[in-house]
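I list below what I looked up.

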Amino acid sequence: MLNDALLGKLARQYGTPSYIFDESALEERIAAVREIFGADIRLCYSIKANPFLIPAALGKLDRLEVCSPGELDICKALGVPGGDIVYSGVYKSPENCDEAVTYPGTGAGIYTAESRGQLQFLEDAARRQNLTIPVLLRLSSGAQFGMSKEDLIYLISNRASYPHVRLEGVHYFVGTQRKNKGLHKQIEELEMLHGLFEEVRRDLGFRLQKLEYGPGLPVPLFEGDDFSDTLAPAKELAPVLQSVCAWAELTVEMGRFLATECGYYLTKVVDQKSADGKNYAITDGGINHVNYLGQIMGMKVPVIRHLKVEPEKSGAEALREDTKTYAICGSLCTTNDDLVRSVEMRGLATGDVLVFTNIGAYSVTEGIYLFLSRTMPRIVLYNKNSGPRLVRDFTETSPFNTIHS
């Protein structure tokens, strides 16, 4: 965890609003999860959670999940080996499949098919390159992602119709931040998948070898959540996952669980005011940059660190500082821009920096960046061995909202 002194230094050096992503923390998190799960379980990082962490993840994980042509372009630009890529995504056009199959080197390491139509696209793309490619069939969990069990069985039964595709297993993912007590849902899912593997072996005479599974393990985000051991869900599920290795080559897919803790969002208080008995702190950022899963209209309070622009006071002088309840609002012209609707702050001053923690996953990719044509934040990667480096400068969004004739 980066301390306040370092975060204050980074705020002065790079300005606000900015994201700081701690690569060392990510590497330590990956190592801890690997130790918990054991050597037989492979790990896959979903880069949609935060593509800026790809360099830190490379070599520490077995796979990177790529879900769009744009994400594939990012991997290409960063020199990600094709063998490390799981090419996934709910929508794949024939052109997208061609791009994945012709990715520098040998193409992607493995592909997922979300429908009968997608499998045909992959078959056609592989045929055009005279290749045979490995594919996982994604099983629906009741949403728009993946195919029905009936379609999955149909494709396996008719696998001879796809000579350039090698069906290797199943991809299954329900959702993220699943806080069900006891992880009983994940256990039920793995039992169901075991039954499916056995049914295919028994009835179709075909052995599914691989399972890519997204357990959607939760991480604490808000005041009142239990931060005592954020790896506890992985520890609880580990014995069940290890038992899966008896009947499938298991890859566990994660994004939020790996990346959340390594991220900080720095935003400056630029104005304060009171109206109708309510105190407001206005920041130079806002909900266009901050997105916590489960947060609606600022009703929950994330863990916020307060960096004072003036030196910390001590003794009686500190006791005299007012503690007030604030609504922290961003710079967007909408009543929805509540970062936090009600939080106590002591001695909050204009110019102070607020650090929103646990923001390493998704905020950087899910923010509504084009609203009001506001400037996008800087992005800084920090490594305890090499220090900070700026990897994306402030970026103006107005060109995206301008007619170009």
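I take buried as under 20% relative accessible area, exposed as over 50%, and partly exposed as in between, with a 1.4 Å probe and protein chains only. I am working from a predicted model, where local features need pLDDT of at least 70, side-chain atom pairs count only at pLDDT 80 or more, and totals for chains, interfaces and linings use all residues. Residues are numbered from 1 along each chain as its sequence is written, and side-chain values use heavy atoms, with hydrogens and water left out.

Entry 1, Tyr91. I found Tyr91 exposed, at 61% relative accessible area. Tyr91 sits in the loop between β4 (85-87) and α5 (94-101); helices (H or I, at least four residues) and strands (E, at least two) are DSSP runs numbered from the N terminus.

Most residues other than glycine have a negative phi, and most peptide bonds are trans. I noted a positive phi near 80° at Tyr362, in the loop between β15 (353-357) and α12 (363-366). Tyr362 counts as buried because its relative accessibility is 11%. Ser373 also has a positive phi, near 55°. I placed Ser373 in the loop between α12 and β16 (378-383), and it is partly exposed at 26%. The Thr16 to Pro17 peptide bond is cis, with omega near -5°. Pro17 belongs to the loop between α1 (4-14) and β1 (18-22).
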